[in-house]
Amino acid sequence: AKAQGKSCYKIFDAQMHAKALIRLNLEHEFCKALERKDFILYYQPIFDINTNHLIGFEALVRWQHPIWGFVPPAEFIPIAEETGLIVLLDNWVLYTACQQLATWQNQHPNLPPLKMSVNLSVPDLRKASLVRDIETILAETGVDGNCLTLEITETMLINNINDTLIVLEQLKTLGIQISIDDFGTGYSSLNYLHRLPADALKIDRSFINQMQAGNRNYQLIKTIITIGNQLGLAVIAEGIETQQQLQWLQELGCEFGQGYLFSPPLSAPKIEALFMNTGCS
Ligand code: C2E
Ligand code: CA
Ligand code: CA
Ligand code: CA
């Protein structure tokens with residue numbers, strides 16, 4: 001390559017080179033991981049925080065690399081999104097989570113049907129076959145669309161909002177529910193919130209873990225819950241870790257929650273040991 005401002009170029013080049021290497025390596029490893037089936041799903045239980053009833057799970061992907069060990073989602077999801085490989089991963093996640101849900105529902109036919117939440121990324125929403133693929137997954141696993149929730153973030157809606165709205169409307173015709181994930185952390189506009197075919201708002205963990213009696217975060221959470229209630233949306237709090245946080249959220253009228261206070265994300269066998277074999281609360 002040709003350098004114009006030589007010293008400048010060198011620093012840039014060295015950094016870019018290191019980054020490119022990491023990325024190439026990760027991208028390559030990621031493809032192999034999909035073939036090798038290094039990925040597994042963990043499931044974090046979601047509760048009705050007033051009755052303590054288990055209502056469902058959020059599927060969260062884990063990468064267990066044979067040499068690197070555990071790779072956190074925060075490290076590989078952004079790269080998988082940039083390269084578009086997330087589409088392959090999320091299709092696997094959707095299939096696996098629905099299959100697991102069908103198994104659990106069949107084991108507990110007398111309970112109200114448990115639900116499954118799956119995270120989507122921008123490339124998923126841009127995939128022309130998304131709606132068809134999900135329809136196929138529901139048919140093959142025998143899961144009712146009403147039991148599947150897709151989590152999207154506000155930031156995913158910024159570009160192409162009109163195209164995205166069409167996709168979301170099509171998903172809704174399958175009975176699927178839409179949650180706005182990490183609500184309040186992105187570029188929210190109250191102006192488009194009412195246009196979204198959303199069913200729920202998820203309050204981001206960053207709000208919950210800095211909540212103090214009457215502080216700014218407390219007020220923000222209160223406002224988010226009010227907006228949710230006013231618009232007829234369910235409100236789910238993420239990252240509930242303490243009894244105090246739980247009590248405040250109950251007082252503020254938040255209906256649903258997940259977090260370490262209840263349970264961390266767990267492997268399927270651990271979910272079964274904790275919640276399914278003992279009979280859900
Ligand atoms: P998220 O959707 O906001 O998921 C919640 C994250 O908070 C999860 O991190 C979960 O393990 C963590 N968490 C839950 N409760 C607590 C708590 O009480 N305390 C603390 N400290 N943390 C808690 P995780 O599993 O590392 O996932 C990170 C992000 O990666 C997710 O954020 C989601 O945006 C993305 N992600 C995970 N799985 C998938 C997937 O299958 N597809 C896509 N597209 N994205 C995914
Ligand atoms: Ca989520
Ligand atoms: Ca998220
Ligand atoms: Ca979050």
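A residue is called buried when its relative accessible area is under 20%, exposed when that area is over 50%, and partly exposed in between. The legends below describe a predicted model.

**View 1. The calcium ion (ligand 3) and its two aspartate donors.** Asp181 and Asp182 coordinate the calcium ion (ligand 3) through OD atoms, at 2.6 to 2.8 Å. Asp182 has a relative accessible area of 23% and is therefore partly exposed. Asp181, at 7% relative accessibility, counts as buried because its value is under 20%.

**View 2. Asp181 as a bridge between two calcium ions.** The calcium ion (ligand 3) and the calcium ion (ligand 2) lie 4.1 Å apart, and Asp181 bridges them.

**View 3. The largest pocket, with about 1200 Å³ of space.** Its lining comprises 37 residues, of which Glu58, Leu60, Pro73, Asn119 and Asp181 are the closest to the pocket centre. At least two lining residues come from each of β2 (54-65), α2 (73-83), α3 (86-107), β4 (115-119), β5 (148-153) and β6 (177-183). By residue class, the lining of the largest pocket holds 18 nonpolar, eight polar and 11 charged residues.

**View 4. The second largest pocket, with a volume of about 440 Å³.** Among the 23 residues that line the second largest pocket, Ile55, Gly56, Pro113, Lys115 and Phe256 are the closest to its centre. Two or more lining residues are given by each of β2, β4, β6 and β8 (234-237); β2 supplies the largest share, four residues. The lining of the second largest pocket consists of 14 nonpolar, seven polar and two charged residues.

Definitions and conventions. Residues are numbered from 1 along each chain as its sequence is written. Chains are lettered from A and ligands numbered from 1 in the order in which they are written. This is a predicted model: local features need pLDDT of at least 70, side-chain atom pairs count only at pLDDT 80 or more; totals for chains, interfaces and linings use all residues. Side-chain values use heavy atoms; hydrogens and water are left out. On a 1 Å grid over the protein atoms alone, a cavity is a set of points where a 1.4 Å probe fits but cannot get out, and a pocket is an open set with protein on both sides within 12 Å along at least five of seven lines; lining residues have an atom within 4 Å of a point. Grid points are joined across faces, edges and corners, and a volume is the space filled by probe spheres set on the points. Ala, Val, Leu, Ile, Met, Phe, Trp, Tyr, Cys and Pro count as nonpolar, Asp, Glu, Lys and Arg as charged, and the others, Gly among them, as polar. Donors are N, O and S atoms within 2.8 Å of the metal (3.2 Å for Na, K and Ca); water is not among the atoms, so sites may look incomplete. Buried means under 20% relative accessible area, exposed over 50%, partly exposed in between (1.4 Å probe, protein chains only).
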